[in-house]
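I opened this entry to keep a record of what I looked up, item by item. The model goes first, the notes after.

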Amino acid sequence: MKPEKQYRNGLRRRCLSALAFAMLVPSVAAVQAPDRMAAVGTTVTLGGVVSLDSCRAMALGNNKQLMMARQRVEKARYQNKEAFAAYLPAIDFAGGYLYNQRNISIFDSDQMLPIKTFDLETKSYQFDIVKNPVTGEPVKGPDGQYIPASVAYLPKEAMEYDIHNVFFGAVTLTQPVYMGGKIVAMNKLTKAAENAARSLEEAETENIIYAVDAAYWQVVSLKAKKALAESYVGLLDSLSRNVHLMLKEGVATRSDVLSVDVKLNSAQVDLAKVENGLVLSRMALAQVCGLPVNTVFALADEDAGAPVLADGFEAEGTYDMEAVYERRPDLRALGYAVDAATQQKKVALSSMLPNVAVIGSYEVSNPNMFDGFKNRFKGAFSVGAMVSIPIWHWGGNRAKYKAAEADEVIRRLELEDARELVSLQVSQASFKTKEAFKTYNMTMANLAKADENLRTVTLAFREGVATADNVMAAQTAWLKAHSEQIDAVIDVQLCQTYLSKTLGTLY
């Protein structure tokens with residue numbers, strides 16, 4: 001009945017979390033009750049009658065898991081916007097301040113620079129060198145160098161620049177031109193992630209609706225069984241009084257009285273158990289609806305007597321499985337996971353392709369050297385292009401691509417496996433629903449027979465042709481028939497809901 005237990009992938013785990021709860025309806029209250037008993041305080045009563053649709057609405061509005069699923073959708077949506085921003089030019093500003101202990105000095109001391117004068121004979125500039133007045137030859141100094149007749153004096157301080165306080169800044173614009181397909185792939189990947197998050201939100205919604213239905217019909221079932229147990233106790237109590245009177249008249253034995261009293265005590269114990277189970281089931285329903293566990297509210301179907309089968313669809317023989325696959329939100333999420341893996345493979349491939357970008361910037365600094373060295377702000381524009389071409393990374397990029405390719409294959413196999421499990425789910429749910437209808441029809445037939453049998457035995461007992469044991473046996477059969485009829489109605493309701501969920505038509 002639960003092939004979804006075979007799901008191993010984390011993406012599907014949350015989509016099927018409520019199925020185990022629904023399949024174990026009779027024990028829901030007993031499982032949840034111990035954790036809730038400590039929280040029970042003053043009882044809170046809601047006015048009016050609450051329908052199944054109202055319970056669903058409360059659960060969808062208060063469930064924390066659904067709230068988290070909605071936030072995951074928001075997160076994925078903003079990640080998609082972040083990926084789209086990569087198409088557009090990025091504008092950045094960077095600036096800073098730097099303090100230097102020392103200034104810059106080009107010379108270590110004062111400088112004497114030889115100068116040239118224009119020679120009319122050669123019609124060119126020549127160094128003005130000291131010459132021997134006798135021979136007219138240039139004179140050399142002790143160091144073997146010619147002695148200039150005149151020099152230009154450059155003091156050390158004239159070539160010293162103040163860089164104690166340096167301010168700088170730049171505004172840069174970067175426009176990607178070709179990134180190996182990475183930007184396009186990332187946009188498609190994040191869009192697939194957003195769609196997957198939406199599908200998981202729908203799946204979580206279905207899980208909540210199914211859990212609410214299970215808890216709701218559990219309360220209705222136990223309320224009907226409580227009324228049935230009370231009727232059974234009433235029948236045994238009436239029988240007990242009659243047997244006691246018969247004992248006084250001498251037409252019954254002490255053993256008959258004890259047998260009836262034991263049966264009555266057992267029925268009263270069963271009634272107490274049903275009452276306790278009803279209280280715990282109400283707590284479970286309140287918790288599923290997002291209300292305090294001590295909240296008590298009347299359900300629309302609980303005071304209508306024994307539950308009857310509402311009009312609903314019956315299971316069909318065959319289904320259009322492709323349409324089922326399309327409607328199932330968990331399968332859609334897996335399909336988007338395949339798309340995301342495909343785009344991740346393209347992202348890995350982009351690491352082996354060239355990247356091209358256009359860069360423009362405006363830099364400003366103080367001091368600046370655009371017009372000599374000046375301690376004031378001045379800047380200039382610059383434009384360029386950048387190309388990055390991967391050449392050799394020892395197979396690292398190829399290994400990354402192959403890993404992404406293997407992950408894509410895994411996602412596709414997971415989707416195929418999930419489709420097979422969903423097909424099995426639908427077949428089992430359809431079979432279970434048909435069997436539930438058959439069981440319901442049989443219980444209705446047994447119910448009529450049990451009522452007639454009890455009536456007949458009761459009349460026979462009054463006429464003295466039947467024993468107390470015969471009456472108790474008829475009452476037990478009557479109780480069993482009514483209890484099975486209640487279980488059959490609830491089982492049909494839950495099977496219909498489960499079949500709707502497996503077909504993807506629940507929400």
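The notes below run from the whole chain to single residues.

**Ground rules.** I am working with a predicted model, in which local features need pLDDT of at least 70, side-chain atom pairs count only at pLDDT 80 or more, and totals for chains, interfaces and linings use all residues. Residues are numbered from 1 along each chain as its sequence is written, and side-chain values use heavy atoms, with hydrogens and water left out.

**Whole protein.** I looked up the secondary structure and found 11 helices and 12 strands. These elements are DSSP runs numbered from the N terminus: helices are H or I with at least four residues, strands are E with at least two. The protein has 507 residues, and 36% of them count as buried. Buried means under 20% relative accessible area, exposed means over 50%, and partly exposed is in between (1.4 Å probe, protein chains only). Among contacts with a separation of 6 or more, 81% are between residues 24 or more positions apart; contact means heavy atoms within 4.5 Å.

**Helices α5 and α6.** I checked how α5 (residues 64-84) packs on α6 (residues 182-249): the angle is about 170° and the axes are 8 Å apart. Therefore α5 is roughly antiparallel to α6. Angles over 145 degrees count as roughly antiparallel, under 35 as roughly parallel, 65 to 115 as roughly perpendicular, and the rest as oblique. The axes are lines fitted to C-alpha atoms over the stretch in contact, and angles run from 0 to 180 degrees between N-to-C directions. The residues of this contact divide into 11 nonpolar, 6 polar and 8 charged.

**Ala83.** I then picked Ala83, in helix α5. Ala83 counts as buried, at 10% relative accessibility. Leaving aside neighbours within four places in sequence, Ala83 touches Ile183, Met186, Asn187 and Thr190. The C-alpha atoms of Ala83 and Ile183 are 7.1 Å apart, although 100 residues separate the two along the chain.

**Asn63.** Asn63 sits in the loop between α4 (52-62) and α5. A polar atom of the Asn63 side chain lies 2.9 Å from the backbone nitrogen of Leu66. Beyond neighbours within four places in sequence, Asn63 is in contact with Glu204 and Ile208.

**Thr342.** I found Thr342 in helix α9 (residues 329-350). Thr342 is buried, with a relative accessible area of 17%. The side chains of Thr342 and Glu408 make a polar contact at 2.8 Å. For such a contact I need a pair of N or O atoms within 3.5 Å, one able to donate a hydrogen and the other to accept it; residues adjacent in sequence count only if both atoms are side-chain atoms. Outside four places in sequence, Thr342 is in contact with Glu408 and Arg412.

**Backbone exceptions.** Most residues other than glycine have a negative phi, and most peptide bonds are trans. Lys123, in the loop between β5 (116-119) and β6 (124-127), has a positive phi near 55°. At 66% relative accessibility, Lys123 is exposed. Trp394 has a positive phi of about 60° and lies in the loop between β12 and α10 (396-463). Trp394 is exposed as well, with a relative accessible area of 74%. The peptide bond from Asn366 to Pro367 is cis, with omega near 10°. Pro367 is in the loop between β11 (355-366) and β12 (378-388).

Definitions and conventions
Ala, Val, Leu, Ile, Met, Phe, Trp, Tyr, Cys and Pro count as nonpolar, Asp, Glu, Lys and Arg as charged, and the others, Gly among them, as polar.
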